[in-house]
2 protein chains.
Amino acid sequence: MNGKPDYIIPEPTLRRLPRYYNYLKALLNRGREVVSCTHIGKDLELDPPQIRKDLAYTGIRGVPKVGYQVAELIKNIEDFFGWNNIDEAFLVGVGNMGRALIDYKGFSRYGFKIIAAFDNDSEVIGKTFNDVEVLPLSKLTSLCQRMNVHIGVIATPDHAAQEVADMMIAGGIIGIWNFAPAEIRTPEGVIVQNENLAAGLSVLCKKLQMLKQSGKIRQEVRE
Amino acid sequence: MNGKPDYIIPEPTLRRLPRYYNYLKALLNRGREVVSCTHIGKDLELDPPQIRKDLAYTGIRGVPKVGYQVAELIKNIEDFFGWNNIDEAFLVGVGNMGRALIDYKGFSRYGFKIIAAFDNDSEVIGKTFNDVEVLPLSKLTSLCQRMNVHIGVIATPDHAAQEVADMMIAGGIIGIWNFAPAEIRTPEGVIVQNENLAAGLSVLCKKLQMLKQSGKIRQEVRE
DNA sequence: TTTTTATCGATAAATTTTTCTCGATTTCAA
DNA sequence: TTGAAATCGAGAAAAATTTATCGATAAAAA
């Protein structure tokens with residue numbers, strides 16, 4: 001049948017969809033109204049059937065010989081991810097990475113908003129960055145409960161990550177976006193998304209190293 | 001696998017290895033000398049045979065009934081990625097993300113060092129962050145050549161990404177770590193690693209959404 | 001109108017990646 | 001010294017993902 005969400009969507013697809021989204025937004029800005037998988041494939045260096053399959057998960061329908069309506073496609077992706085309903089999140093760890101995340105304006109596009117930050121360094125407690133106030137870590141758990149926040153971002157040094165995660169979970173958080181280079185143990189039912197910059201960096205450097213050694217390798221890089 | 005690099009290493013393996021590395025470092029700090037795949041698997045929630053296969057790419061050899069020497073394993077991963085030879089890189093775009101990357105001390109662990117930054121905003125040109133000087137963008141290409149730098153980090157807004165990439169490539173850069181949410185077109189032989197925070201965020205939010213919809217998954221946990 | 005062409009949607013094949021199986025090896029205990 | 005238990009390494013099997021194929025359909029051209 002059609003490509004209605006199966007409740008099981010491949011993770012590679014989930015990671016590619018935001019990429020299509022950025023690309024389509026740029027396309028729309030340039031005045032483009034329709035686009036085919038063939039065309040997208042050329043720009044993104046992906047195979048058209050794969051793109052078709054990915055897009056089908058959002059419920060879009062294309063027209064043979066023409067392709068898809070760009071605006072409709074964008075809307076379908078937004079709805080698919082629920083980017084129109086804002087997800088509110090707490091962030092813990094106001095170091096460089098934490099600051100960068102707080103300051104980054106682009107998340108609003110993805111229905112994501114950091115509404116408060118926490119730290120235990122009195123230097124930053126009480127300060128405000130990008131309208132986000134920094135509160136003492138001790139208030140984290142109770143505020144999660146009171147404000148019914150269920151997404152947490154960990155941007156602490158590695159040694160603090162587990163403790164912070166425990167506090168979050170105690171407060172009812174069920175989704176953790178973890179930037180600390182540490183493993184977090186969580187009970188069943190809590191989703192942890194590890195964001196490991198070192199992984200991407202390592203892949204890049206290793207590919208360069210292999211390129212240098214073996215002379216010539218064709219490499220595509222994902223995401 | 002018999003240890004020796006096959007010149008074709010699965011990307012998922014490349015992404016997991018730094019994770020093992022962080023984990024092993026923590027293990028070593030706690031005084032642990034040997035570890036088995038079974039043990040690692042429990043902590044990282046991965047299957048032992050997969051871990052064994054991943055580690056085999058680094059050329060390690062384990063001992064039945066005992067496992068691997070933690071210190072040896074760490075060293076093998078470092079050598080595998082070449083983290084002992086520093087890779088020097090230029091960064092372009094000294095906004096929030098750029099600043100966070102410049103300030104991040106942790107990269108030295110991965111043999112990676114940003115040695116200069118570039119921007120075309122006179123507000124930041126001439127300033128120094130974490131010992132990294134910000135230079136005018138116009139000098140990028142010539143300095144790449146002069147200093148023989150071959151890795152570039154793009155942390156600009158999306159609309160500037162392609163132009164910056166072109167300048168880098170003109171200067172001889174062959175590896176680009178791209179944080180801009182934009183597609184970059186490059187000639188053959190240049191490796192682009194896209195780091196898309198939105199992808200990770202989207203995966204997390206979508207999983208939460210699916211959990212909420214389909215899932216009184218946790219009913220059996222309570223009561 | 002009819003033919004040609006591009007592209008979709010669905011399915012099948014190929015590839016990649018993960019998981020399983022099993023014999024061999026080493027340590028520990030009896 | 002021998003037997004039991006744990007774990008490795010290699011290869012096979014299974015699962016997931018990507019790539020290819022093909023009929024159907026809509027638009028454009030003849």
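This is a predicted model: local features need pLDDT of at least 70, side-chain atom pairs count only at pLDDT 80 or more; totals for chains, interfaces and linings use all residues.
In strand 6 of chain A, the residue that bridges to F129(A) is V132(A).

**Around the hairpin**

Strand 5 and strand 6 of chain A run antiparallel and are joined by two bridges. Together they make a hairpin with two residues between the strands, and N130(A) takes a positive phi near 50° there. On its other pairing, strand 6 (residues 132–136) of chain A goes with strand 4 (residues 112–119) of chain A, this time in the parallel sense and over three bridges. One of the residues involved is F118(A), whose bridge partner in strand 6 is L135(A).

Now for the whole sheet. It is an open one of seven strands in chain A, with the order 5-6-4-3-7-8-9 and mixed pairing. Which strands stand at the edges? Strand 5 (128–129) and strand 9 (191–194) of chain A do, and each has a single partner strand, so one side of each is left without a neighbour in the sheet. Elsewhere in the sheet, strand 7 (residues 151–154) and strand 8 (residues 175–178) of chain A run parallel, joined by four bridges. G152(A) has I176(A), in strand 8, as its bridge partner.

**Chain A as a whole**

Stepping back, chain A has eight helices and nine strands. It splits into domain 1 (11–81) and domain 2 (87–198), and the centres of those two domains, taken over C-alpha atoms, are separated by 32 Å. Along the principal axes, the C-alpha atoms of chain A fill a box of roughly 60 × 45 × 35 Å. Of its 223 residues, 52% are buried. And if you look at contacts in chain A with a separation of 6 or more, residues 24 or more positions apart account for 58% of them.

**What sits inside**

The largest nonpolar core has 110 residues, and it draws on both chains: those with the most contacts inside it are Y20(A), L24(A), L101(A), Y20(B), L24(B) and L101(B). There is also a second, separate core of 23 residues, which includes F90(B), L137(B), M167(B) and V192(B).

Take Y20(B) from the largest core. Not counting residues up to four places away in sequence, Y20(B) touches I40(B), L44(B), L46(B), Q50(B), I51(B), D54(B), L55(B) and I77(B).

Helix 5 (residues 96–103) of chain B is another spot to look at. Is it largely enclosed or left open? Six of its eight residues are buried, so the helix is largely enclosed by the rest of the structure. The buried ones are M97(B), G98(B), A100(B), L101(B), I102(B) and D103(B).

**Rings and charges**

Over all chains, a search of the whole structure turns up 22 aromatic pairs. Here are two of them.

| Pair | Centre to centre | Angle between planes | Type |
|---|---|---|---|
| F80(A) and F81(A) | 5.0 Å | 80° | edge-to-face |
| F107(B) and F112(B) | 5.4 Å | 85° | edge-to-face |

F80(A) and F81(A) are both buried, and F107(B) and F112(B) are buried too. F80(A) and F81(A) also belong to one aromatic cluster along with Y21(A), W83(A) and Y110(A).

K206(A) lies over the face of F80(B), 3.6 Å from the ring centre. The charged end of R99(B) sits over the ring of F129(B), 4.0 Å from its centre.

**A closer look at F112(B)**

F112(B) lies in strand 4 (residues 112–119) of chain B. M97(B), one of the buried residues of helix 5, is 15 residues from F112(B) along the chain, and their C-alpha atoms are separated by 17 Å.

Terms used. Residues are numbered from 1 along each chain as its sequence is written. Chains are lettered from A and ligands numbered from 1 in the order in which they are written. Side-chain values use heavy atoms; hydrogens and water are left out. A nonpolar core is a set of buried Ala, Val, Leu, Ile, Met, Phe, Trp, Tyr and Cys residues joined through side-chain atoms within 4.5 Å. Buried means under 20% relative accessible area, exposed over 50%, partly exposed in between (1.4 Å probe, protein chains only). Contact means heavy atoms within 4.5 Å. Domain bounds come from an automatic or database domain assignment. Rings of Phe, Tyr and Trp (its six-membered ring) pair if their centres lie within 6.5 Å; planes under 30 degrees apart count as stacked, over 60 as edge-to-face and the rest as tilted. A charge sits over a ring if NZ of Lys or CZ of Arg is within 6 Å of the ring centre and within 35 degrees of the ring normal. Two strands pair if DSSP finds at least two bridges between them.
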